[in-house]
Structure formats: structure tokens, C-alpha cells
Amino acid sequence: MSTKTNPGRFFEDYSVGQVIRHAVPRTVGQGERALYHALYPARGAIYSSDAFAQACGLAASPLDDLVAFHTVFGKTVPDVSLNAVANLGYAEGRWLAPVWPGDTLSSESEVIGLKQNSNGRTGVVWVRTTGRNQRGEDVLSYVRWVMVRKRDADAPAPETVVPTLAGVVDAADLVIPKGLDFTGYDFDLAGEPHRLGDYQPGEVIHHVDGVTVEEAEHMLATRLWQNTAKVHFDATQREDGKRLIYGGHVISLARALSFNGLANAQMIVGLNAGAHANPCFAGDTVRAWSEVIETAETPAPGVGAIRLRLVAAKGDGEGLRDDAGKYLPHVLLDLDYWALMPV
């Protein structure tokens with residue numbers, strides 16, 4: 001039997017403090033932008049137009065914030081979640097610098113927590129992942145935790161280490177792209193007139209539109225981000241015989257849907273929390289709504305920050321959790337993030 005192939009890491013292959021440098025660096029450009037906008041479709045003005053971005057103080061239009069996220073995330077999959085049952089959550093995410101066409105991104109992860117599940121067949125692995133460009137500058141950092149299969153159910157459980165994570169990224173710790181200036185912001189070209197002061201904590205915005213997920217689009221997206229998790233490709237990996245839709249695909253679908261009502265939430269700069277509440281499969285129709293949690297000032301001229309809860313659901317189900325606090329079956333995504341918006 002060949003020993004040259006890589007079956008991926010199993011739960012017992014991780015140890016707290018372990019640092020993993022992920023293969024393969026990737027140069028991203030206008031091709032990734034075009035495919036991203038075709039798949040979802042994204043319409044944020046800063047990420048669509050060099051002229052609009054330059055009027056906001058940037059050198060040009062950077063690549064979409066979630067292009068950076070998916071690319072950095074995809075690098076980690078062969079080492080972190082190839083044998084995953086599910087990606088469980090996110091925390092302490094910060095976009096640290098824009099990603100420009102022509103940048104080369106690489107990823108590195110540190111294992112910061114381990115906990116074997118009571119069934120003895122799986123465990124949860126926490127990692128802090130950092131994405132860097134070709135100059136060694138950090139462009140993205142986040143924590144995620146994943147349920148991973150064990151290779152041997154009889155292997156001894158590691159010492160349980162559950163990291164203490166911040167419930168929210170403090171607004172003062174958000175990184176504003178250098179030069180960003182919304183004092184001359186063109187609301188007509190952006191698509192909506194609403195500025196930061198028009199949104200109030202507790203306000204709920206239903207984004208009206210829906211997108212039915214197709215196998216072809218999901219498979220293109222998963223390959224585009226070089227996400228090799230078996231459950232996304234191989235239908236025999238699940239007892240129900242279905243290929244699981246990549247959770248990031250749902251994130252980007254919901255973010256694109258949120259343009260209707262939040263067109264001026266231009267740039268994601270913080271990821272406070274996130275949960276893939278239930279699986280998504282081809283044929284599901286995704287709808288989204290957002291709740292305004294809070295708003296904050298930033299030191300950049302004309303630039304404020306808005307904290308949003310973005311919920312994606314399938315079908316026409318209503319509500320978020322049952323009386324016991326469990327997500328209702330139609331809820332796909334519950335994402336808490338910061339975005340930059342003109343004041």
C-alpha cells in the first residue's frame with residue numbers, strides 16, 4: 001500500500017500548541033473577483049469599482065472581504081477539516097489589511113483547544129488561523145472550531161483544553177483600511193441612501209430575495225476556494241448520501257442577499273461569532289435577514305462601524321430557536337459581524 005498519499009489528520013493527530021503551515025500559497029486576482037460576483041452575486045460598490053474605491057480614498061478596488069476569507073480558509077482544509085463532520089463556529093475574526101489583485105495568500109494555524117466528544121468517535125479542534133500576503137503582512141485572523149473524526153475510537157482522549165474566546169471584537173480593535181474616507185461617499189452610485197445614523201439597535205431588516213442552491217454552483221465555489229473537505233465532494237461520506245454545501249457558500253449567499261437593505265455596509269472588518277446551525281443541501285432555497293446589534297465610531301473620516309447579526313434560513317420558516325434554545329431546523333447560519341458604513 002502506498003504511503004505517499006495524505007488521508008488527512010484525525011482528532012488524535014492534533015495537540016495544543018501545534019502550528020501548521022498550510023500548502024499551497026495562492027495568487028488571487030480579477031478572475032477570483034469575477035467568479036465571486038457571478039456566484040453570489042456580490043454588488044458592494046467598493047468591491048465592484050476602482051473609481052468608487054478611489055473616491056473613498058483607496059488606491060483601487062480591493063478583492064471582496066469574503067474572497068480573502070474563502071481563500072485563507074480553503075488553504076486550511078487539508079490539514080484541519082479534511083476529516084471533519086462539521087465546521088461548528090467562528091470567533092475573534094479581524095480583517096487586518098485589504099487584499100489586492102495580484103497578492104499571494106498563505107495560511108498558518110495554531111491548535112488552541114481540544115475536546116473529545118462523549119461518543120468517543122469524534123472530537124472538537126479549535127484553531128487560530130492567520131492569512132498573510134507575499135510580504136508577510138497579516139491580512140486576516142480568526143478562530144474556528146471543527147468536529148473531526150477519530151481514526152481509532154479506542155485511542156485515549158487528550159487532555160481537554162477549551163479556549164476562552166472574546167464574545168465580540170471590540171470596535172476599537174477593528175482595523176480600518178489605510179486612507180479610507182467616506183466624507184465624499186456617493187450614495188446614488190452605492191445603491192441606497194441609508195447611512196449609519198439611519199440604523200437603530202434592534203432593527204430587523206428582511207432582505208426580500210431568495211436563492212435556490214444548485215449542485216453546479218456549490219461545486220464550482222468549493223473548487224474555486226480549493227476546499228477539499230470530503231463531505232462537500234463525496235456523497236458516501238454522509239449517511240444520507242448527500243453532499244454537504246460548504247458553509248462559506250451560505251455565508252456569501254446571505255451576504256449578497258443583504259445588499260437589499262444594507263448596500264452601504266461596505267466592508268466586513270470583524271467576525272464576532274458564527275454558527276452553521278443546520279446543513280444545507282442542493283435544492284434548498286436560502287433567504288436572509290439581519291438584525292442591527294450596535295453601531296460605533298471609527299477614527300477614519302466619515303466612516304462608522306455597524307454590528308450586524310446575519311441569519312440565513314431555508315424555505316419560509318420563521319423564528320430562530322426553540323424553547324430549549326436549540327436552532328430551529330430551517331436555520332442555516334447565524335453570523336455576527338462588523339462592517340464599515342458611512343456616517
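The questions and answers below concern a predicted model.

Student: How many disulfides does a search of the whole structure find?

Tutor: A disulfide requires a pair of cysteine sulfur atoms within 2.5 Å. Cys-56 is buried, at a relative accessible area of 2%, and Cys-280 is buried with a relative accessible area of 2%. The number of disulfides found in the whole structure is 0.

Student: Which element gives the most residues to the lining of the largest pocket?

Tutor: The largest pocket holds about 480 Å³ of space. It is lined by 28 residues, and those closest to its centre are Val-85, Ala-86, Asn-87, Leu-244 and His-276. At least two lining residues come from each of helix H3 (65–80), strand S2 (84–95), strand S5 (138–149), helix H6 (230–233), helix H7 (247–257) and strand S7 (267–276). With 6 residues, the element that gives the most is S2.

Student: How many residues in the lining of the largest pocket are charged?

Tutor: The lining of the largest pocket includes 19 nonpolar and 7 polar residues. The count of charged residues in that lining is 2.

Student: Which element gives the most to the lining of the second largest pocket?

Tutor: The volume of the second largest pocket is about 270 Å³. Among its 16 lining residues, His-206, Arg-287, Trp-289, Gly-317 and Glu-318 lie nearest the centre. Two or more lining residues are given by strand S6 (204–212), strand S8 (285–297) and strand S9 (303–314). The element that gives the most, with 4 residues, is S6.

Student: How many residues in the lining of the second largest pocket are charged?

Tutor: This lining divides into 6 nonpolar residues, 6 polar residues and a charged group. The number of charged residues in the lining of the second largest pocket is 4.

Student: Which element gives the most to the lining of the largest cavity?

Tutor: The search of the whole structure finds 2 cavities of 30 Å³ or more, and about 190 Å³ of space lies in the largest cavity. Of its 17 lining residues, Ala-42, Arg-43, Gly-44, Arg-255 and Ala-256 are nearest the centre. H3, H7 and helix H8 (259–262) each give two or more residues to this lining. The element that gives the most, with 3 residues, is H7.

Student: Is H7 mostly covered or mostly exposed?

Tutor: The residues of H7 that are buried include Gly-247, His-249, Ser-252, Arg-255 and Leu-257. In total, 11 of the 11 residues of H7 are buried, and the helix is therefore classed, by the cut-off of under 20% relative accessible area, as mostly covered.

Student: How many residues in the lining of the second largest cavity are nonpolar?

Tutor: The second largest cavity contains about 60 Å³ of space. Its lining is formed by Leu-66, Phe-69, Trp-95, Ile-251, Ile-268, Leu-271, Leu-335 and Tyr-337. Elements that give two or more residues to this lining are H3, S7 and strand S10 (331–342). The lining has no polar and no charged residues, and the number of nonpolar residues is 8.

Student: Is Gln-116 buried or exposed?

Tutor: Gln-116 is located in strand S3 (residues 104–116). The relative accessible area of Gln-116 is 19%. Because the cut-off for a buried residue is under 20%, Gln-116 is classed as buried.

Student: With which side chain does the side chain of Gln-116 make a polar contact?

Tutor: Leaving aside neighbours within four places in sequence, Gln-116 is in contact with Phe-11, Thr-122, Gly-123, Lys-150, Ala-155, Pro-156, Ala-157 and Pro-158. The polar contact of its side chain, at 2.9 Å, is with the side chain of Lys-150.

Student: What is the relative accessible area of Glu-203?

Tutor: Glu-203 lies in the loop between helix H4 (187–190) and S6. Leaving aside neighbours within four places in sequence, Glu-203 is in contact with Asp-198, Ser-290, Glu-291 and Val-292. Glu-203 is classed as partly exposed, and its relative accessible area is 29%.

Student: What separates the C-alpha atoms of Glu-203 and Glu-294?

Tutor: Glu-203 and Glu-294 are 91 residues apart along the chain. The separation of their C-alpha atoms is 9.8 Å.

Notes:
Residues numbered from 1 in each chain as written. Predicted model: local features only at pLDDT ≥ 70, side-chain atom pairs only at ≥ 80, totals over all residues. Heavy atoms only, no water. Buried < 20%, exposed > 50% of the residue type's maximum accessible area, 1.4 Å probe, protein only. 1 Å grid on protein atoms, 1.4 Å probe; cavity = no way out; pocket = protein on both sides within 12 Å on 5 of 7 lines; lining within 4 Å. Points joined across faces, edges and corners; volume = space filled by probe spheres on them. Nonpolar A, V, L, I, M, F, W, Y, C, P; charged D, E, K, R; others polar. Polar contact = N/O pair within 3.5 Å; in protein donor to acceptor, adjacent residues only side chain to side chain. Contact = heavy atoms within 4.5 Å.
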